[in-house]
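The following paragraphs go through a protein model with its ligands. They take up the domains, then the ligand sites, then some details of the backbone.

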Amino acid sequence: MARKTVPGGGYQAVAYTVKKALEVGPLKLWKRMRSKNACKTCALGMGGVKGGMVNEAGHFPEVCKKSLQAQVADMKGALPIDFYDKHTVEEYGKFSSKQLEDAGRITYPVVLEPGATHYKPIDWEVALDRMAEAMKACRSNPERAVVYASGRSSNEAGFILQSFARAYGTNHVMNCSYYCHQASGVALNMVFGSGTATVDLEDLSDADLVFVIGANPASNHPRLMTQLAALRARGGAVVVVNPLRESGLDTFHIPSQIKSYFFGSKIASTYLQPHAGGDTALFVGILKRIEEKGLVNRDFVLKHTLDFEKVLEHAKSCSWDDIVRLSGITKKEIDDVAELVARAKSTIFSWAMGITHHAWGVDNVLAICNLALATANVGRQGAGLMPIRGHSNVQGIGSIGFSPKLKESITKKLEDVYKSSFPTFTGHDTLSMIEACERGEIDFLFCLGGNLAASNPDLDWASAAMKKAGMTVYLSTKLNVGHFIGHGKTTIILPVLARDEEPQATTQESMFNYVRLSEGGEPNMKGLMRAESDIVCDLANRVLGQEPFNWLRLKSHDEVRKLIAEIIPGWSELGTINETKKEFIIPNRVFHTPEFPTESGKANAHVTPLPQYDTDSLKMITIRSEGQFNSVVYEEHDVYRGIPHRNCVLVSENDANRLSLKDGQKVKVIGEAGSLDNIELVVGGIRDGVVAMFYPESNYIIKARPDERSRTPSFKFAPVKIEAM
Ligand SMILES: Nc1nc2c(c(=O)[nH]1)N[C@H]1C(S)=C(S)[C@@H](COP(=O)(O)OP(=O)(O)OC[C@H]3O[C@@H](n4cnc5c(=O)[nH]c(N)nc54)[C@H](O)[C@@H]3O)O[C@H]1N2
Ligand SMILES: Nc1nc2c(c(=O)[nH]1)N[C@H]1C(S)=C(S)[C@@H](COP(=O)(O)OP(=O)(O)OC[C@H]3O[C@@H](n4cnc5c(=O)[nH]c(N)nc54)[C@H](O)[C@@H]3O)O[C@H]1N2
Ligand SMILES: [Mo]
């Protein structure tokens, strides 16, 4: 018998809200939630100058449990001053993500000296001097220094850090995208010459069909559910493509709508459950069927695409046997969906990690793009491509140049500003940086937020590699496992202000290319936290001095925004945003006409070979629970999926029977990099041949198998075996 799941949203979400409000005081929380700052959680984005809980179309109230969760977490208590004395670094490395998250806000800087067993408090100025010394020591080999950013930080801090790194001499500048949506950026750029969503929020109201592929917005982007429910209510259709039957994608109770709150809104009209990694085959199959039926929009393809004939030839050459076997979807289901998308007026294709976390992540995205092109569903109102992005500012961090390679035109302008010449080598992606750590090539690793260590596949390997780095610096709001398993020989943790506590305004970019202004505010608690930008400027000043460029000038966010406005194409309105309070959409990214910023102005179609794999052995997908935000765990159980705690593996009833295992039984899960004991088997609505475990805990048993083009590890295709304990 499969475990009982509950629909998404509704009572669960409201009860949780009340509980959280009581933890920090309802009025205090309300004020924070309504403050003029961009929401801290996902890239769908809300808040900003229009006030909290407001979206870019001005709609209020936009309700999201996640937003509240993150807000409360930043308001609750500081880390005790004797916290680090109580356990060794090694012991804390075995704590759960939730225990470390619950320990409190980091309010004072600490250092882990070489060979030491405990972090000790350190004076701010001494910490900065030590960091500067470490950077100066490798000044003649600047490629031994690396900077990483999570998508949680501001454009301002990100811009100062990436340009400081290059003025110093390193292009090892990378953000969390390499483990996230890099495949989307690579593929969209190949096709359209622009790497982000081709639609805006309003397009969602004009679509009559939306694909939700390899994404679980019920937990990870809950405000998208309002759009999907509205689409169904006006007679539209939602096709979900996901090996796991996500209860929240079947029915979702929208907390802010009375009828939906009580009776629930139906979300999926069609639910396809492919093999893990079966999406390329599935989308080639849908295209093949559309071609067979003579439903390809020849006119559009001829006028607005290049090389589409090759894509059609390839689809024709793939056998139905291969397509059905590799996708795990029947020909009848493919036929139905082909009919649906060919007949729909306007389709939006949205996707997330189920598509990008594969060794063929780029092909997955290209195959989706090909279907959009064949059916003329891009380059007009209500239709297009929509990667559902992760962190609240992951897109902004990339836009302002926090990546290993800058466009030449941007490099030239930056060199003029900083009066220095930038390095020309291509920097590491995230995985190759960890490999470089393993080879002992990294002396200085600076992390602007995030949890780089725990995000990695093969965690024992990654952790051992990171321990070879000379000095590692973390700018963090809260503790996470990474601080204890991903330390270098010397490690410094510096406490930072969250965006709604910053003394100056900051900016963030949503997945709809919408740039928001956050006005900042008072710190939630007493402590020695500093603004991220302040720290980077102080470090740059110590390392590079005031000549030829005075880095302390960039302590003013207005100055930084003026630079970004001058240098980054499409960002000119940023220069005055603090005075005008005018948030804006970055131009030339949303396509409402079929003209694209490629050389020819047409979309470039690309053939996507069917990835070959055996469909008989078990593949593990690693997923997020309802109670976590990446490596930050707020609740141990996963309420919608009915999974009681994090040490569980979800398997189908047939697989459990085949392996003679029972629901609730303790098992061993054996992966390519290691095994996990005492895992509880949960029988549930997942397709045969696919099993699911939570990230980051499951990262101990996964090998990377990265995609060549995006360098993203295949977090959703890990071969495993399951045995009774
Ligand atoms: N509450 C909350 N919100 C978040 C986050 C969070 O951790 N918690 N994280 C943020 C970040 S950084 C990101 S990137 C996003 C992540 O958002 P999502 O991508 O939605 O999150 P995941 O849980 O990684 O995986 C999504 C879905 O992919 C399905 N899937 C797995 N493998 C495959 C496959 O091969 N094919 C298909 N079609 N589906 C597959 C899984 O069953 C799961 O439902 O959310 C952001 N928002
Ligand atoms: N197996 C597996 N591995 C995965 C994934 C998966 O689905 N499966 N998902 C991947 C994905 S999509 C991503 S994005 C990465 C996650 O990559 P990261 O972004 O590196 O990790 P997070 O867990 O989001 O980082 C959490 C930490 O960020 C810090 N933080 C929070 N807010 C702020 C702030 O305002 N400023 C600063 N300076 N710090 C802040 C806190 O200290 C918190 O503990 O993991 C990847 N790894
Ligand atoms: Mo992500």
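**Domains and ligand sites**

The centres of domain 2 and domain 3, taken over C-alpha atoms, are separated by 25 Å. This is a predicted model. The two domains belong to an assignment that gives domain 1 (108-180 + 393-582), domain 2 (182-389) and domain 3 (619-724).

Domain 2 and domain 3 touch each other: 31 residues of domain 2 are in contact with 25 residues of domain 3. Between them, domain 2 and domain 3 bury about 2,100 Å², of which 56% is on carbon and sulfur atoms. On the domain 2 side, the residues that lose the most area to domain 3 are Leu244, Ala276 and His357, which together account for 26% of what that side buries.

Ligand 1 is the next item. Its shell draws at least three residues from each of domain 2 (182-389) and domain 3 (619-724). In total, 30 residues surround ligand 1, and the closest are Glu246, Gly277, Arg624, Gln628 and Asn630. By class, this shell has 12 nonpolar, 13 polar and five charged residues.

Which atoms of glutamate 246 lie 2.6 Å from an oxygen atom of ligand 1, those of the side chain or those of the backbone? The atom in question is an N or O atom in the side chain of glutamate 246. Backbone atoms also take part in the polar contacts of ligand 1: a backbone N or O atom of asparagine 216 lies 2.8 Å from an oxygen atom of the ligand, and a polar backbone atom of serine 219 is 3.1 Å from a nitrogen atom of ligand 1. The protein covers 99% of the 920 Å² of accessible area that ligand 1 has on its own. The elements that give two or more residues to this shell are helix H11 (217-220), helix H20 (353-356), strand E21 (619-623) and strand E22 (628-629).

A polar side-chain atom of serine 631 lies 2.5 Å from an oxygen atom of ligand 2. From lysine 478 it is a backbone N or O atom that lies 2.6 Å from an oxygen atom of the ligand. For asparagine 480, an N or O atom in the side chain is 2.8 Å from an oxygen atom of ligand 2. On its own, ligand 2 has 930 Å² of accessible area, and the protein covers 96% of this.

Some details of the backbone remain. Most residues other than glycine have a negative phi, and most peptide bonds are trans. A cis peptide bond joins phenylalanine 60 and proline 61, with omega about -5°. Proline 61 is placed in the loop between helix H2 (26-34) and helix H3 (65-75). The peptide bond from glutamate 547 to proline 548 is also cis, with omega near 0°. Proline 548 is in the loop between helix H28 (532-544) and helix H29 (557-567). Asparagine 513 is not a glycine, yet has a positive phi of about 65°. The loop that holds asparagine 513 runs between strand E17 (506-509) and strand E18 (514-518).

Definitions and conventions:
Residues are numbered from 1 along each chain as its sequence is written. Chains are lettered from A and ligands numbered from 1 in the order in which they are written. This is a predicted model: local features need pLDDT of at least 70, side-chain atom pairs count only at pLDDT 80 or more; totals for chains, interfaces and linings use all residues. Side-chain values use heavy atoms; hydrogens and water are left out. A polar contact is a pair of N or O atoms within 3.5 Å; within protein, one must be able to donate a hydrogen and the other to accept it, and residues adjacent in sequence count only if both atoms are side-chain atoms. Accessible areas come from the Shrake-Rupley method with a 1.4 Å probe; for residues, only the protein chains shown count as cover. Domain bounds come from an automatic or database domain assignment. Contact means heavy atoms within 4.5 Å. Buried area is the accessible area (1.4 Å probe) that two parts lose on being put together, summed over both. A residue is near a molecule or strand if one of its heavy atoms lies within 4 Å of it. Helices (H or I, at least four residues) and strands (E, at least two) are DSSP runs, numbered from the N terminus. Ala, Val, Leu, Ile, Met, Phe, Trp, Tyr, Cys and Pro count as nonpolar, Asp, Glu, Lys and Arg as charged, and the others, Gly among them, as polar.
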